[in-house]
Amino acid sequence: MKVTITTEYITLGQFLKLSRIISNGGDAKIFLLTTPVYVNGELEQRRGRKLRPSDVVKVGDEILVKSLGYDKKGRLNLSRKEAINSDK
């Protein structure tokens, strides 16, 4: 989705609302803590981050991981390193 900025800047929270990713500004803080959002390739968690017309925003991320099974407490162990090595 392309959002055009016609002012000097908008905040990341405003961008998330304009692009209909969140329904209201109150959701921005929680969304940014639970979903990776990148501005110009750098992870950003500040809803007040100023976005200018040349900025590129990427929302979400997919990461390849390998399941290593469960530990004694029943938690699933995941490894990014093992997933990368098994692809070679």
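Predicted model: local features only at pLDDT ≥ 70, side-chain atom pairs only at ≥ 80, totals over all residues.

Me: Great. How many helices and strands are there in the protein chain?
Reply: The protein chain has 3 helices and 7 strands. Starting from the N terminus, the elements follow the pattern β-α-α-β-β-β-β-β-β-α.

Me: And is the chain compact or spread out?
Reply: It is more spread out than a compact globule, because its radius of gyration is 17 Å, well over the 12 Å that the globule rule gives for 88 residues. Along the principal axes, the C-alpha atoms fill a box of roughly 50 × 30 × 20 Å.

Me: What share of the residues is buried?
Reply: Buried residues account for 22% of the 88 in the protein chain. The accessible surface comes to about 6,900 Å², and carbon and sulfur atoms hold 50% of that.

Me: What about contacts between residues 24 or more positions apart?
Reply: Taking the contacts with a separation of 6 or more, 31% are between residues 24 or more positions apart.

Me: Let's go to the sheet of 3 strands. What order do the strands have?
Reply: The order is β3-β2-β5, the pairing is antiparallel, and the sheet is open. β3 (42–43) and β5 (57–59) are at the edges with a single partner strand each, so one side of each has no neighbour in the sheet.

Me: What holds strands of a sheet together, in general?
Reply: They pair through backbone hydrogen bonds, in either a parallel or an antiparallel way.

Me: How many bridges are there between β2 and β3?
Reply: There are 2 bridges between β3 and β2, which covers residues 37–39. If you want a spot to look at, Val39 stands opposite Glu42 in β3.

Me: What sits in the loop between β2 and β3?
Reply: Asn40 is found there. Its phi is near 55°, which is positive although Asn40 is a residue other than glycine. Asn40 is partly exposed, with a relative accessible area of 42%.

Me: Now β6 and β7. How do they pair?
Reply: Strand β6 (residues 66–70) pairs with strand β7 (residues 76–79) in the antiparallel sense, over 4 bridges. Gly69 stands opposite Asn77 in β7. The two strands form a hairpin with 5 residues between them, and Gly74 in the turn has a positive phi of about 85°.

Me: Where is Lys73, then?
Reply: Lys73 lies in the loop between β6 and β7.

Me: Buried or exposed?
Reply: Lys73 counts as exposed, at 68% relative accessibility.

Me: How far is Lys73 from Ala28?
Reply: Their C-alpha atoms are separated by 33 Å, and the two residues are 45 apart along the chain.

Methods. Residues numbered from 1 in each chain as written. Heavy atoms only, no water. Pairing = 2+ DSSP bridges. Rg over C-alpha atoms; globule rule 2.2 N^0.38 Å. Buried < 20%, exposed > 50% of the residue type's maximum accessible area, 1.4 Å probe, protein only. Contact = heavy atoms within 4.5 Å. Areas by Shrake-Rupley, 256 points an atom, 1.4 Å probe, with all protein chains shown as cover.
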